[in-house]
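Please keep the sequence and the structure in view while reading.

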Amino acid sequence: MLEQAQRVLKDIFGYDSFRGRQGAIIERVASGGDALVLMPTGGGKSLCFQVPALLREGLAVVVSPLIALMDDQVATLEELGVAAAALNSTLSAEQQRDLAARIRRGEVKMLYLAPERLVQPRMLAFLQSLEIALFAIDEAHCVSQWGHDFRPEYLQLGQLAEMFPQVPRIALTATADKRTREEIVNRLHLQDAERFLSSFDRPNIFYRIVPKEQPRKQLQAFLNERRSDAGIVYCLSRKKVDEVAAFLCEQGFTALPYHAGLPNELRAYHQKRFLNEEGLIMVATIAFGMGIDKPNVRFVAHMDLPKSLEAYYQETGRAGRDGLPADAWMAYGLQDVLMLKQMLQNSEGDERHKRLEQHKLDAMLALCEETRCRRQTLLAYFDEDMPQPCGHCDNCVDGVQTWDATEPARQALSAIYRTGQRYGVGHLVDVLLGKDTEKVRSFGHQHLSVFGVGKARSEGEWRSLFRQLVARGLADIDLEGYGGLRLSDSCRPLLKGEVTLELRRDLKPQTTPKSSTSQASQLVRGEEREQWEALRALRRKLAEEHGVPPYVIFPDSTLLEMLRSQPGSMAEMAEVSGVGARKLERYGAAFLEVLGGGVEAPKVVADLRHELITLARAGMTPVQIAGQLQCTEKNVYTLLAEAIGKQQLSLEQALDLPEDLLGEIQDAFLDGEGELPPVAEVIPVFAGRVPEGVLYCVRAALESEFEM
């Protein structure tokens with residue numbers, strides 16, 4: 001089974017080997033077993049159901065929550081020569097009828113559906129009348145009522161287990177803690193499913209979190225290094241999305257807004273532009289992202305704090321899905337905490353649910369104020385141990401300065417207490433600095449013992465200290481008291497002098513971090529830039545002609561490998577990762593032209609033989625090989641038979657024959673006694689059914705078996 005799977009992987013998708021647990025997952029599902037797959041974004045989840053779908057008889061049904069995601073995957077599969085379709089609300093009644101007819105005729109291999117459509121009785125009855133290869137339930141965490149992507153329709157997908165007991169099911173997600181994993185298993189009735197849990201680590205992403213001072217200027221400084229890169233900037237409110245997008249456009253960036261307040265058509269248009277254009281920035285609320293399959297997003301920036309580490313992990317995970325370097329940058333301040341706490345208080349849900357959400361926010365704050373490796377902290381939250389610091393986050397690269405904040409923290413907590421636990425940070429800082437303001441005088445706070453005790457420190461230092469006290473749970477925001485600070489029970493040991501406190505020292509804004517240069521700009525060296533841009537320009541042109549996003553033609557990782565390996569022939573191009581048979585035939589020559597290899601003239605026989613074997617191994621059919629090598633089909637079959645006879649090529653690599661037909665041809669040769677009959681004797685039996693060359697290849701394979 002694994003051998004067949006590897007052949008599909010190379011022929012269709014153009015990859016030489018499986019990554020991580022992919023091989024084991026594919027083997028499990030292809031042989032009829034259920035699977036629960038937890039794999040980070042960019043880890044190759046799609047292949048885990050697409051390869052078994054191509055190995056099994058019948059129609060593969062993929063449940064996907066978003067139309068954008070369906071359309072993207074269908075376009076990608078069609079480019080690879082796989083018959084795929086999406087059945088969703090964008091199709092007219094007539095188009096839906098046509099698609100149903102095609103499915104009945106067996107002309108569609110993979111069908112993408114939204115969960116609400118799948119669970120309709122008519123749809124289930126239709127599927128029961130067909131041979132189903134497998135059910136793939138993508139974004140399976142949507143089944144969790146505790147998750148931020150909950151979709152009630154997912155709860156009904158459990159009935160597939162009863163209605164299709166013989167059909168394997170594979171549930172996939174990139175974010176699920178232990179609790180969510182159990183929910184997926186129980187609600188989807190996957191008790192017998194084998195669990196495949198991959199590492200949560202995304203080693204290609206560089207994490208940086210900075211205190212919010214002048215957020216727009218900070219964002220602009222970050223983006224100035226990344227002018228030709230595509231990225232996403234997340235904001236908490238729609239108003240802020242519009243303002244930041246307008247600001248970036250004024251600064252000369254191509255930026256588009258995306259949020260639920262925009263008309264549907266405009267949102268769809270902006271999403272399409274983001275997918276199809278290079279170097280575009282999408283400024284968005286979290287309404288944007290799930291369903292974005294664009295692999296070459298080079299950065300994700302957060303202008304506001306996400307409400308949980310799950311959300312942060314999922315949103316930053318949209319960067320660098322192609323495995324190439326990417327950046328996750330965030331600016332955060334105390335105002336974010338206040339806003340999120342207010343949203344949490346006003347949200348629906350019982351006290352237990354709100355407590356859980358509060359814990360999640362606390363974990364998010366802890367990551368922001370972390371003095372150790374950020375990646376170790378992030379992975380630990382998902383129950384994964386990383387023994388050594390990663391060396392690829394701001395804390396590891398820049399180092400973190402800490403200071404003994406015990407005494408100033410006591411002064412700050414004392415100021416909160418003595419002013420009555422009802423004032424915000426601005427007023428508390430004024431009191432500590434001894435400022436003579438109208439507010440200070442009107443409340444008589446100039447007479448307090450803490451008035452002016454903090455003059456030795458700057459306003460910025462005090463604000464940083466208050467932010468860290470809240471993040472560490474030593475002080476709390478009183479939402480009923482209009483966002484004033486109050487003491488938490490946990491601050492008592494510090495006030496009593498029983499413990500000390502070490503806090504981070506914020507880097508000064510003008511300090512240039514050691515890793516501020518764009519991760520993506522390091523992909524291509526100066527001397528390669530011209531050819532890189534030429535490859536991207538060709539990709540853009542082909543994408544426009546075919547009506548698909550550029551990365552569907554080839555992802556950046558494949559272009560980069562072409563650039564580095566400089567293939568000079570179709571055979572060498574077939575060796576590039578991500579170049580399958582269909583794409584080799586369609587685009588190989590055009591990309592060779594750009595690389596300077598051009599399309600070569602007919603070669604001497606020795607070269608031709610080598611190239612033919614390589615193209616056959618890459619999954620090309622004899623007809624396609626004849627077209628590429630500019631020779632006759634008869635010549636191709638002669639050389640294939642010769643290569644099979646010399647055991648340079650297996651029969652399966654050379655020909656894609658149905659098993660029953662292959663068996664019939666082999667029987668025709670093996671009928672007589674002793675030696676194999678010449679091909680001429682067998683030709684009449686198969687005249688008009690297969691090309692003569694096929695018979696020569698089968699005979700060569702049998703002959704080489706006898707010699708062994």
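A residue is called buried when its relative accessible area is under 20%, exposed when over 50%, and partly exposed in between (1.4 Å probe, protein chains only). The model is predicted, so local features need pLDDT of at least 70 and side-chain atom pairs count only at pLDDT 80 or more, while totals for chains, interfaces and linings use all residues. Residues are numbered from 1 along each chain as its sequence is written, and side-chain values use heavy atoms, with hydrogens and water left out.

Helices (H or I, at least four residues) and strands (E, at least two) are DSSP runs, numbered from the N terminus. Strand S13 spans residues 326-332, and seven of its seven residues are buried. Ala326, Ala328, Met330 and Tyr332 point one way, whereas Asp327, Trp329 and Ala331 point the other way. In a regular strand, side chains alternate between the two faces of the sheet.

Strands pair if DSSP finds at least two bridges between them. S13 runs parallel to S8 (residues 205-211), joined by seven bridges, and parallel to S12 (residues 297-302), joined by four. Tyrosine 207 has alanine 328 as its bridge partner in S13, and alanine 301 has tryptophan 329.

A salt bridge places a side-chain nitrogen of Lys or Arg within 4 Å of a carboxyl oxygen of Asp or Glu; the structure holds 47. One of them joins glutamate 369 and arginine 467 (2.8 Å, N to O). Glutamate 369 lies in the loop between helices H15 and H16 and arginine 467 in helix H21, so the pair ties together parts 98 residues apart in sequence. Glutamate 369 is buried at 5% relative accessibility, and arginine 467 is buried at 8%.
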